[in-house]
Amino acid sequence: MAISVVFLGSPAFAVPSLRALALDARFTIPLVVTQPDRPAGRGRRPRPPAVKDAAIELGLPVFQPETLRDPAAVERLAAAVPDVLVVVAYGEILRQSVLDLAPLGCLNVHPSLLPRYRGSSPVQAAILNGDTETGISIIKLVRRMDAGPIVAQRRVPLDGTETAGTLSERLANLAAEMLPDVVAAWVAGELKAEPQDDAAATYTRELTTADARIDWGKDAAEIERLVRAMQPWPKAWSILEGRRLAVLACDISQKPSTEPPGTINVSARPPRVATGTTDLVLLRVQPEGKREMAAEDWARGARLPHGARFAPVE
């Protein structure tokens, strides 16, 4: 008999996992739970979560409650009679009444090597800290954030070129590759959940645009990691002549900086910016209110004066 899975997820990261379960004959998905449509874009028109679009394409029933704190919403999930719940970036901390709905509990996909990087921005944290590896952890959910016992884990190496976007996509595909066999083995009683070492836990928080501001006085390697970690959102940025410039891609030069941090070498092609260590080469940028472009084209069109400098972080 097929395993009944109620799937909870919202962003694009969760879509490969949903597809992997939906297309595997070992499972049936009586209900997909995702966040409500939210205003997005310049027109602020309601936009469905990526999981909703995928579920409709797969012919799966969709439920979009404002919150699972509502007893009526919990009843809707219970009516699906799941054997197990699977959560992939749903977007709400689940109460015990939800965790207890399925006899085999609730499995959660987390994009880090737990207990490292619990919380909401583990992918960015791995890049910011210059880690040489990360991975996927599948845990049994408990009421404490990302603290449940580990059911399965797989590591992936990092080569130092990943952006948050490319690494998220890679980890989403890895989760989808792992999930069907892990869920099936869990239901069959073939896997044992191993407690996390809480003493080794580290935590991340939700990022804001303020976190993406570049401090040019820092080490060039740290700034380069920030640029990759904040791409595609919220995009690393700085202020030049009162306007914001997003830095989308850069490289570290071997030339030690001799000018004050933030000073732009306008004659260099591509342009270079002084940091607290070596110059940083700008490759792609996006001026405020404009499309992204090659940094060399931006510098040429901006006609920057000698000594132009990004505003320091106060």
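Which residue lies over the face of Trp237? Arg244 does, at 3.7 Å from the ring centre; a charge counts as over a ring if NZ of Lys or CZ of Arg is within 6 Å of the ring centre and within 35 degrees of the ring normal. The model is predicted, so local features need pLDDT of at least 70 and side-chain atom pairs count only at pLDDT 80 or more, while totals for chains, interfaces and linings use all residues. Residues are numbered from 1 along each chain as its sequence is written, and side-chain values use heavy atoms, with hydrogens and water left out.

Arg76 lies over the face of Phe63, at 4.7 Å from the ring centre.

Helix α3 covers residues 71-79, and its buried residues are Ala73, Val74 and Leu77 (buried is under 20% relative accessible area, exposed over 50%, partly exposed in between, with a 1.4 Å probe and protein chains only). Seen down the axis of α3, these buried residues fall within an arc of 100°, so they line one face of the helix; the arc is that of the directions from the helix axis to the C-beta atoms. Pro71, Glu75 and Ala79 are exposed on the other side. Just after α3, Val81 has a positive phi of about 50°.

The whole structure holds 1 aromatic pair. The ring centres of Trp216 and Phe310 are 5.1 Å apart and their planes at 15°, so the pair is stacked (centres within 6.5 Å for rings of Phe, Tyr and Trp, the last by its six-membered ring; planes under 30 degrees apart are stacked, over 60 edge-to-face, the rest tilted). Trp216 is buried at 3% relative accessible area, and Phe310 is buried at 1%.

Key:
Helices (H or I, at least four residues) and strands (E, at least two) are DSSP runs, numbered from the N terminus.
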